[in-house]
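Welcome! Here is a friendly tour for anyone meeting this structure for the first time. Keep the picture open beside the text as you read.

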Amino acid sequence: MPLPPVRPGGPGTVYFSLLGPLSAVIDGRPLPLGPRKQRLVLATLLSRPNTPVPVDVLTDVVWPQGPPRTARKNLQVYVSAARALFGAVDGDDRGRVVHDCGGYRLRVEEGELDTLRFRTLARAGRAAAERGDLRTAARLLREALDLWGERPPLHDLRDSAEVAEEAERLEARCLTVYEDWAEAEIETGRAGVTVDGLRDLVERHPFRERLRAAWMNSLHQTGRQAEALAVYDDYRQLLARELGLEPSPAMAGLYRAMLGEGRAARSSASRGAAAGVSLPADSRHFTGREDELTWLLDVSGCPEGAVLVVSGPAGVGKSALAVRAAHLLADCFPDGRVHVRARTEDGVPRTRNDMLEELGRLCGVGGPGRPDPAQAQNAWQDWLSRHRALIVLDDVADEASVRGLLPRSGRSSVLLTSRGQLAGLEAVHRTALAAPGEDESLELLGTLIGGDRLRSDRAAAVRIVRACGGLPLAVAVSGMRLAVLRHLPLAEYADRLDDPAAALDELVAGDVSVRSRLAAGWRDLGAADRGALARIAGPAGEGGFTLERAMAALDRDERGAIRAVESLIGAGAVTSPSGEVTAHAALYEVPRLLCLYVREETGPEAPVGRGPAPSAGSGAARLLSRG
């Protein structure tokens, strides 16, 4: 960007910059950052602020050709140097660089790092635009752009592939913010301030359609209609010559509108068709999941695009996490963010052609009527190859229903949520969600019933979230129910949830029912998986089960029990350890509420084969637990 960067750091505050060469200043005085390998470590930590960076990642950045035997020790030296840098500034390091989750986390505030400040300004500008306050939006977005130096981000360290990838991601976000700013200025009648900059960027990024549309609009608004039409003609010829493609329907419509001069071209019209946003509302009560959310943002937003699968039991919060990530990824996907449910309202899986038709409508792919399915799929793949969009396919039933919808090429990302792990999909990134910890569950409950009420009987609140198995859906339903029943003591409600015969009846708030969500998961299981789950879950209880206990309950040998348990893991009915462990040492678990539902479906005396009978009063998972 041509304007000098703004430095928001206050007096005595260290201020780091990644939007240019890696640098640090305090009170206008540059700080020495050490030799190149030390700067690579610092740049990597700063590119993931306040997030643990695994030691393996740092090692690959510093030694891409293979680490020496002393690599870990050398890394400790570089991290110690970073701590010393902060110690010289702060008087002590204040825990700035901490060892966390098998890596290192650098704690830094918004006023100390230009990329954090850039992200905050960009989000504020976009929020102002959504409110219709375009002048404020343009001012905030311009402030974000002014943080950029005259040289590319991290240009002094781009010989490192990992650093170069982060720099490209930053440049892509800058382009998106520039497009947002230009469109806001054009909408407020100030197209003249955008023309020159848009021309320069189109020359550097000739295939970026949204830039072209903004440049056409700016020329048109400033009375240069012939030039605006020429921009489109050049683009059409470029696509035909280089890719054998035509401009999108949105660009063609913009061109026709300018040709007819029936109305002034508006940037928002172009944005609505070419960069549509069709997402559910972000939950106001979303809490926790910081590590999972950071992973989703990093992988989904990578410049080359990605396919991700978020799996886990019913009600564990997969959809809420995916929607939150999609809302936060606006900077990365200028050509749209859309959400499509992979099931009907009653939980029946939709066909691939049905979802393809909806995607076509949302993204402007294809014409009126129902095209041949093969033609529709080819048109969809062509659109994906030419655009940078995020597609969320929510609650996917199986691999076959989505195979033709995933990108074969291009820079779009697809985020899938599913109870099962969709193991048949290749080249995807995966994360399996487990129930969050007790503190996160209490935080969610507190957002719904109020912090004061929760603190008035914290012990009862803990009993409530434990009775819910920490399942976010169940905790949320409990909170919604208690928010209405203000007279109901938390302890009394906890007693109700502790009763296995009554718990699922209590987990209903209006038309939101935990039982119905569990029923959908049960219907998805095949007959063999249902039988195995009935034997393993049996009467409801708490705890986990080992392979030996599963062998006894299923009346199978080791190989047969392993296959049965792994099939249930793949279906999302059984959770397994997150780290590597042998089958005999693993402790598996069936979520408590699923145990309760299985008991309802199969009766209190679930079959247990010829294995040992349960002792009186014991529950299913307790029967199978160690000790």
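Let us begin with an open sheet of three strands, which follow the order 1-2-3 and pair in the antiparallel sense. Its edges are strand 1 (14-17) and strand 3 (29-30), each of which pairs on one side only. Please remember that you are looking at a predicted model.

Strand 2, made of residues 23-26, joins strand 3 through two bridges, and this pairing is antiparallel. To find the link on screen, look for Val-25, whose bridge partner in strand 3 is Pro-30.

## The chain as a whole

Now step back and take in the whole protein chain, which has 27 helices and 14 strands. It runs to 627 residues, and 51% of them count as buried. The chain exposes about 28100 Å², with carbon and sulfur atoms supplying 50% of that area.

How much of the contact count comes from residues 24 or more positions apart? Among contacts in the protein chain with a separation of 6 or more, such residues account for 68%.

Another open sheet is built from six strands with parallel pairing, in the order 7-9-10-11-8-12. Which strands form its edges? They are strand 7 (277-278) and strand 12 (429-432), and each pairs on one side only.

Strand 7 is linked to strand 9 (residues 337-341) by two bridges in the parallel sense. Here Val-277 stands opposite Arg-337 of strand 9. Helix 14 (residues 352-363) packs on this sheet and touches strand 7, strand 9 and strand 10 (390-394). The direction of helix 14 makes about 155° with that of strand 9.

Helix 12, residues 290-300, lies across strand 8 (307-311), strand 11 (413-418) and strand 12. Relative to strand 8, helix 12 runs at about 160°.

Our last stop is a pair of helices: helix 23 (residues 527-537) packs with helix 26 (residues 592-602), their axes 10 Å apart. The angle between them is about 110°.

The crossing of helix 23 over helix 26 is left-handed. On the helix 23 side, Leu-533, Ala-534 and Ala-537 take part, and they meet Leu-594, Cys-595, Val-598 and Thr-602 in helix 26.

How values were computed
Residues are numbered from 1 along each chain as its sequence is written. This is a predicted model: local features need pLDDT of at least 70, side-chain atom pairs count only at pLDDT 80 or more; totals for chains, interfaces and linings use all residues. Side-chain values use heavy atoms; hydrogens and water are left out. Helices (H or I, at least four residues) and strands (E, at least two) are DSSP runs, numbered from the N terminus. Buried means under 20% relative accessible area, exposed over 50%, partly exposed in between (1.4 Å probe, protein chains only). Contact means heavy atoms within 4.5 Å. Accessible areas come from the Shrake-Rupley method with a 1.4 Å probe; for residues, only the protein chains shown count as cover. Two strands pair if DSSP finds at least two bridges between them. Axes are lines fitted to C-alpha atoms, for helices over the stretch in contact, and angles run from 0 to 180 degrees between N-to-C directions. A crossing is left-handed if the near helix is turned anticlockwise from the far one by less than a right angle, and right-handed if clockwise.
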